[in-house]
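Thanks for coming, everyone. Have a look at the model on the screen, and I'll walk you through a few places in it.

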Amino acid sequence: MATINPSLASDMLARKRWSSSEKIIFRIAFVYFFLLSVPLDWKYYRTVFSINWLNLSYGDIFNLAHYSPQFFAQDSFLNLVIILVIAIAITLFWGFKDNENTDYYTLYYWIRVIVRYRLAVGLIAYGLIKFFPLQSPLPSISNLNTQYGDFSDWKIFSLTLGVVPEYESFLGLIEILGGLLLLHRKTTTIGTLIIIPFTGNVFISNLAYGGGEAVYSFYLILLALFLFAFDAYRLYSLLGLEKPTVPNLFHPVFKEKWQYFGRLGLKTAFIFFFVILFGFKTRSGQKYGSYQYPKAAGLTKAAGLYDVAEFKINGEVRPYSVADPVRWKDVVFENWATLSVRSNRRVILDSTNVEEIHKDDTDRNYEFAGSAGRHYYSYKADTVDHVLTLQNRNKNYPADKFELHYTRPDSVTIVLSGLDADRDSVYVRLEKVNKKYLQTEVKRIGRRGSLKL
Amino acid sequence: MATSNFNSPDIAEEVKVNADSAGSGNGSETGADSWPEWQKILFRIAFVFFVSISLPWNGEWYKVVFSIDWTNLHYRDPYDVARFGSGLEIFGRTLFGNNLNGYATYVITLIFAIAVGAVWTIAVKLLKNEAKEYTKLNYWLRTIVRYRAGIGIIGFGFTKLLPTQMPYPSLGLLNTDFGDFTLQKIYWLSVGIVPWYQVFAGVVEIAGGVLLFFRKTTFLGAVLLFGALGDIVYVNFAYDGGVHVYSSYFVMLSAFLMIQDIPRIYNLLILEKLTIPVNYYPAFTKTWQKYSRIGVKTAVIGVFLFLFFYLSLVNFLYDPYKQPSTAGIKQLRGNYHVTEFRLNNKEIPYSPQDTVRWQWATFEKWTSLTFRVNKPTPLDLSNGGGAPMKDISRTFELTGTGGGQRVFHYYGDTVNHVLYLQDKFKAPSGRELGARDATDLSGAAAKPNKKKQDKKDLPDPNWISKAAWANIGDEVKKIDPRAASTRRDREFAEAPKVEKRNRMILRYTTTDGSRVILRGIDQNKDSLYVVLDRVKKDYVLPKSTLDAGKYD
């Protein structure tokens, strides 16, 4: 029903002037979102200066994009609250000095520009490492041979996404699309309509699965809500009240040539750096595998699951046993230089789960983070003298080391013998198991087929 | 929809005038201008298509609905009312022999709609009786689609709001390696471990559905539905979940409901023009019209929101439909190492490579014994859904799971300490697979081997004596009386099917439950002697914070 509000025109004229409560709320929001979006936290510049700008990697750009103010506490909602208090304090001060000529429309426009670009960077960064499925890689062989109950909930979340790279790419695409829509003033609100449910779901997932990005995703949602607020009433009026609705009337004017070209230049530079360059760097980074796993190559043609056919400690034979506290049950050689051992020995968890892209293999803890049931060792292989030097990767076991001589009598057998950290002698004969994984077998025959496994 | 060029507040006066003349006010009946030809043709096609998929045209549905006993309901009763994919099936479910990944019915329906739309267009032209617009018909079409989508999604949502659709993993599943699951299982489990997230997903789906019941919130509901179900379609493709067709159905319905408002939003936000929404609403002037509108709406909301909620709550509390609901023997529950294993009185030592010996064993909190043997076994790759009433047919704990896992259901005679065990695996027939996925009927499943049907091969129907049955009790009455329903009674009253399942009869002895000894006859009629020692497993995975079922 088209009913025309007779006071429509005067309404619109009235909106030219802001009421004093509107002004106060706006001032608080202005300061608050300025403090949230502009990287004022000096700790951020440690990242900026530690980057080799001549040889940028996608990890560097990701870490640059992953900013949130952490003035008062590491990864805590406290930051967001204290900054709000500060914003209110600053607003009080500003209140006394308010100038009747302050152009709130223009201020609103510019704070939106800052928030739009800040949010876009954050989304595109996460979108790209999903689009090229790096964030949650395919499970490692060790992960496949770990009991479901031995994983933390967050680890299961990531493994569950990791088994379907094409779905992860799709999610990345949605995130990138949301980010790109923010780069244009008129499509911003449509972008937030994608971002709020998407990032809202990320936030809820982080809460539900005990993820480490709850604060950061909430921070992104705050920015998106602020952007959405601009058109929220208009959408409510159009769709809820079904009334004639006046669009935004403010358009920025760039009169001077330098303004015009300056805007164009900045926008182009932004898109070049955070979309095109970042995109290419991520794509070329993809061929080295996920940043979650170590880079150093493992022993050639050794990758796989091994049964521990023979196990001796200080010369004493330990037969197969489900309950033996020491005996190894099975061993995995990964494609990279990691060896993992399943045994009854307890694992104190490493439960880091904040997204960071590390360059050094020692910092890449994804394969064992949030995962018990197996001990993970990085190894250095001396292929001349046939010696493996093992070091437990978990930071809770710095003393857990092995010095093992290895022989490979045939293609499926590896014999390890040497000393552990307590100078006990260890002898292990490993036989490769032809393990078939249901995920891959089902793909071969289809879920409607019949399978024996 | 009337729009006006308007870019400066200075011309507000002028706009007022424009807007006034563009709007048609309250007076006219439909308040719409005539539609362009293409819009009318598209509408005719859409009308036929959406009426075809939104109303139940399938005889099977009516049979199910009319057999419902409304005086003694089960949650699955309104669920069955709400769940139909529809579309026209009188032309078959395949197009040139191809079921198009399950979408053939919709493609056929669309072809039919285009044909009818063409005939309709030609007919009105020939009869020179062409309507200027279809505003009124569009209103009623939207009403049908709104209610269809709303009711349907609420049916889905309640099994998440009261989290039974994706159960928290059983002990047997927790003890299974990640590599021994199908993708489908991995996804279902990943939601099952976070019941509160499942509740949240249920809230989103139900909220989306409820918003569709009201005209002014339809767009919001449709957006919610479109986003949530769009994701679910993709999830089903990625994880091979088997519900891609039915979730796509809601994406189509919600997309249709969004169409009307998208040009307006485009006009307002992108073109930045004054936007005047013109919607037609029928005026219900007669008393019977007013009352029937209120009556229908109240009935729909009453049945599909309040009654459905209550039934789902009962199901969650006493009879979660994907897990067995009879409590298992308390002193047996837990994880065990298999310390000793004798077959025909010959001890078999533990070795992970042995293909006969049990590797570990678990008694669940319900009536299941799970153990692992390192020997390939046929797997059930369905998603373990449907609405079977008997515990033995509730297979979520074994579907999509390999690794040598065997799951046996038991009837426990607690007086004589005897377990009557039956393998929960049964090769699913194509029809059963179809029924499980409801919209996915490709059904190329393995048929049970029917080579030998000798008398002596048929299972002995009297393998449990009358005396033992007296101690075991009647399964139909094993759940809380508040969860009793006609549906349950009927299924138990049906004559037992002749199913060939592996069976074992084992006597158990235990003093305090830390050591359990099982002895008896296994599925190969060999004598079995097993010593189980309880182990306390500390799982890293947090325990469920919202447990379904009652097992105390």
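α2(B) passes α5(B) in a right-handed crossing. Handedness here goes by the near helix: turned anticlockwise from the far one by less than a right angle is left-handed, clockwise is right-handed. α2 of chain B covers residues 37–54, and α5 of chain B covers residues 104–126. Their axes come within 8 Å and cross at roughly 135°. The axes are lines fitted to C-alpha atoms, for helices over the stretch in contact, and angles run from 0 to 180 degrees between N-to-C directions. So α2(B) and α5(B) are oblique to each other. On this scale, under 35 degrees is roughly parallel, over 145 roughly antiparallel, 65 to 115 roughly perpendicular, and the rest oblique.

Which residues make the contact? From α2(B), they are Ile41(B), Arg44(B), Ile45(B), Val48(B), Phe49(B), Ser52(B) and Ile53(B). From α5(B), the list includes Tyr106(B), Leu110(B), Ala113(B), Gly117(B) and Trp120(B). Contact means C-beta atoms, placed from the backbone, within 7 Å. By class, eleven of these residues are nonpolar, four polar and one charged. Nonpolar covers Ala, Val, Leu, Ile, Met, Phe, Trp, Tyr, Cys and Pro; charged is Asp, Glu, Lys and Arg; the others, Gly among them, are polar.

A word on the source. This is a predicted model: local features need pLDDT of at least 70, side-chain atom pairs count only at pLDDT 80 or more, and totals for chains, interfaces and linings use all residues. Residues are numbered from 1 along each chain as its sequence is written, while chains are lettered from A and ligands numbered from 1 in the order written.

Now chain B as a whole. It has 16 helices and twelve strands. Those are DSSP runs numbered from the N terminus: helices are H or I with at least four residues, strands are E with at least two. Of its 552 residues, 41% are buried. Buried means 20 or more other C-beta atoms within 10 Å of the residue's own, exposed means 12 or fewer, and partly exposed is in between, with C-beta atoms placed from the backbone. Take contacts between residues at least 6 apart in sequence: 70% join residues at least 24 apart.

Buried or exposed? His74(B) has 26 C-beta neighbours inside 10 Å, so it counts as buried. Arg487(B) is 413 residues away in sequence, yet the two C-alpha atoms are 6.5 Å apart. Beyond four places in sequence, His74(B) also touches Leu311(B), Ser485(B) and Arg488(B).

Over to chain A, and its strands. β7(A), residues 401–407, pairs with β8(A) in the antiparallel sense over six bridges. Pairing needs at least two DSSP bridges between the strands. Phe402(A) has Asp420(A) of β8(A) as its bridge partner. A hairpin of five residues joins β7(A) to β8(A). β8(A) then pairs with β9(A), again antiparallel, over seven bridges. There, Leu416(A) stands opposite Val428(A).

Last, backbone angles. Most residues other than glycine have a negative phi. Arg423(A) has a positive phi of about 60°. It lies in the β8(A)–β9(A) hairpin, which has four residues between the strands. Arg423(A) is exposed, with 8 other C-beta atoms within 10 Å. Asn344(B) has a positive phi too, about 50°. Its loop runs between β3 (334–343) and β4 (346–347) of chain B. With 10 C-beta neighbours inside 10 Å, Asn344(B) also counts as exposed.

Conventions
Contact = placed C-beta atoms within 7 Å.
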